[in-house]
Structures are given as C-alpha cells and as structure tokens.
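Here are my notes for you, written as numbered points. Keep the structure open and look up each residue as you read.

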Amino acid sequence: MDFKNKNIIITGGSAGIGLATAQTFITKGANVLITGRNSDSLNAASLKINSQNLKTLASDISKIPDIETLAKEVAESGNKIDVLVLNAGIAKQHSIEETTEEVFDDLFNINVKGLFFTLQKLIPHLAEGASVILISSGVSVSGYAQMGAYAATKSAVDAIARTAATELADRKIRVNTVAPGLTDTPMNHQTPEDIKNAIAAAVPLKRIGEAEEIANAIVFLASKEASYISGSYLSVDGGVTIRR
Ligand SMILES: NC(=O)c1ccc[n+]([C@@H]2O[C@H](COP(=O)([O-])OP(=O)(O)OC[C@H]3O[C@@H](n4cnc5c(N)ncnc54)[C@H](OP(=O)(O)O)[C@@H]3O)[C@@H](O)[C@H]2O)c1
C-alpha cells in the first residue's frame, strides 16, 4: 500500500490509535496532519514520528471555530484531502443512573457534534475518490454496563457514517467505520489491570488490541486495495463481537 504524496488528516492524532495511524501512514509516504487539544502532546508526537511529512494543529473538535480554522488551513494549503480519519474521542464510564448532564454533554460534544461538524466542514476539501474513516467502538453494537452514554455516541457515529457513505458516493468518496475493541492506549491507562485481564479473557483471541492493529485496519480501508468497500463497519476486536 503506497500513500506517497497523499494528504491525510487524522483528528486526535497525538496519542493512541490516531498516533499509531499517523506513524503507519508516514512510513507509507503520506503527508499527514494530526490534531489534538494539547500542544505539548502534539509536540511529543511530532518528536516521536520525526518526519518532515508530519504537521500538527492544536484544535479542539468540540469547538466550531477550531474546526473552521482547520478547514481554512486545508483551503490555504491548496491541497485536497485524500484520507480523513475522524478519530478524536473520549470515553467515560458511568451507569445510566449515575451519568450527569455534564458527562453526557462532554461525550456528545466531542464524539458526535465535533465529529459531525468536522466532517461537514471538510467535505468541500475532500478529493474525488477520497476515503473517510470514522472511529466507532464495539460498544456501539453491544450492551456493556457503565458505557451507556459513550455507546450512544458511537451508535451515532455509525449512523453518520452510513449517511455520509450514501451522500458522498457520487464523488467516488468511500466512507467506512472501524470499531475497535478494548485497545492498549492512553485512554485505558487508568483502567485497573484486573479489569483489563477480565476483558481480555472474554475475547476469543484472549488479549486486548494494540493501537498498531487498529491503525493497520484504518490504513487498509484508506487504500486502493479497499476500492469497493464503502459503508462497512469493520470490527477490529479479536472476535469479541462475534454473534453466535
Ligand atoms: N482505546 C480503546 O480501547 C478504544 C476502543 C474503541 C474505540 N476507541 C475509539 O478510538 C478513538 C481513539 O481512542 P484512543 O484509545 O486512541 O484514545 P486516546 O489514547 O485517549 O487518544 C485520543 C486522542 O484524541 C484527542 N482528542 C480528545 N479529545 C479531543 C478533542 N476534543 N479535540 C481534538 N482532539 C481530541 C487526544 O488529544 P488531546 O487530549 O490532547 O485533545 C488524543 O490525541 C476514540 O474515538 C475512541 O472512542 C478506543
């Protein structure tokens, strides 16, 4: 898979899955722009990747002016976007009874509203034949306790992806969803080991995922090898959502 001179944007590219995805695209020759809220994290990511082909932009997906700045930066570059990875997201675990309005709003403002308007404002800048990948989660189709509001945001992501796949098809733009299972990233660094081990034991492959494994699925869907795949929901979860 060759992405030489392809222009890639990854929201939330300073850590975890987004960072691994940026690294993978860079090794395949792409020009990559990553976003995130924290400039220090973006600088650390930049030092780690250490490539002239990587650019960073401090931008909060939940703030419309920040999304407009991103769109303006793309417009001024004169380049169209070949691959857009809508990855930025947060997770919070609470039972439905214990979910506060603040937690609910934070989740929806970043995972849904931010993703939706980033897509909307970047649609005019997508190249014909571009690939858009939305990062959902296996919880969007399961019923895990403590994940009600987060799971609802990811079900919304799935719905947005389906609609976008239909609306953008006339420009030969493919839109797909990647749904990771529990993956070893900073998002889960606070999760106690015994809980991670219990989750891993329930995975048919008996382990949690690595960020690079999710990145590989994203890169595949972005590639010309996936040229007839659009509107798909790809689980990358060691088999945990197998339906029997
Ligand atoms: N890890 C898992 O087990 C797992 C499983 C299923 C799905 N996912 C999904 O995969 C995606 C990536 O997760 P991850 O595990 O890689 O998370 P992570 O390690 O916490 O990294 C999240 C990235 O998103 C950025 N981000 C968060 N809020 C943002 C905002 N408002 N605006 C812009 N950037 C923002 C973070 O940077 P800043 O904090 O500096 O903004 C960081 O770069 C998320 O959508 C998540 O829901 C993860």
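1. Let's begin at Lys206, which is exposed, with a relative accessible area of 56%. You'll find Lys206 in the loop between α6 (193-201) and β8 (209-210). Its backbone is worth a look too: phi of Lys206 is near 60 degrees, a positive value in a residue other than glycine. Most residues other than glycine have a negative phi. Keep in mind that this is a predicted model.

2. Gln146 isn't a glycine, yet its phi is positive, at about 75 degrees. It sits in the loop between β5 (126-135) and α5 (148-167).

3. Seven strands make an open sheet with parallel pairing, and the order to trace is β3-β2-β1-β4-β5-β6-β9. At the edges are β3 (54-58) and β9 (233-236), each of which pairs on one side only. Going from one strand to the next, the twist averages 20 degrees.

4. Zoom in on strand β1 (residues 7-10), which pairs with β2 in the parallel sense over four bridges. Look for Asn7, which stands opposite Asn31 in β2. β1 also runs parallel to strand β4 (residues 81-86), and three bridges join these two. Here Ile9 stands opposite Leu84 in β4.

5. How many of the six residues of strand β2 (residues 31-36) are buried? Five are, so to speak, tucked away, and the strand is mostly covered. As you click along any strand, remember that in a regular strand the side chains alternate between the two faces of the sheet.

6. Which helices meet the sheet? Among them is α4, which packs on the sheet and touches β1, β4 and β5. The direction of α4 makes about 170 degrees with that of β4. Another is α7, lying across β4, β5, β6 (174-180) and β9. α7 runs at about 165 degrees to β6.

7. α4 has a helix partner as well. The axes of helix α3 (residues 64-77) and helix α4 (residues 101-122) come within 10 Å and cross at roughly 30 degrees. Angles under 35 degrees count as roughly parallel, so α3 is roughly parallel to α4. The crossing is right-handed. On the α3 side, look for Ile64, Ile67, Glu68, Leu70, Ala71 and Val74; on the α4 side, they meet Lys113, Gly114, Phe117, Thr118, Lys121 and Leu122. The residues of this contact divide into seven nonpolar, two polar and three charged.

8. Finish with α7 again, this time against α1. Helix α1 (residues 16-27) and helix α7 (residues 211-222) have axes 8 Å apart and pack at an angle of about 55 degrees. That angle makes α1 and α7 oblique to each other. Their crossing is right-handed. From α1, the residues in contact are Gly16, Ile17, Ala20, Thr21, Thr24 and Phe25, and from α7 they are Ala211, Glu212, Ile214, Ala215, Asn216, Ile218, Val219 and Ala222. By type, the contact has nine nonpolar, four polar and one charged.

Terms used
Residues numbered from 1 in each chain as written. Predicted model: local features only at pLDDT ≥ 70, side-chain atom pairs only at ≥ 80, totals over all residues. Heavy atoms only, no water. Axes fitted to C-alpha atoms, helices over the stretch in contact; angles between N-to-C directions. Parallel < 35°, antiparallel > 145°, perpendicular 65-115°, else oblique. Left-handed = near helix turned anticlockwise from the far one by under 90°. Contact = heavy atoms within 4.5 Å. Nonpolar A, V, L, I, M, F, W, Y, C, P; charged D, E, K, R; others polar. Buried < 20%, exposed > 50% of the residue type's maximum accessible area, 1.4 Å probe, protein only. Pairing = 2+ DSSP bridges.
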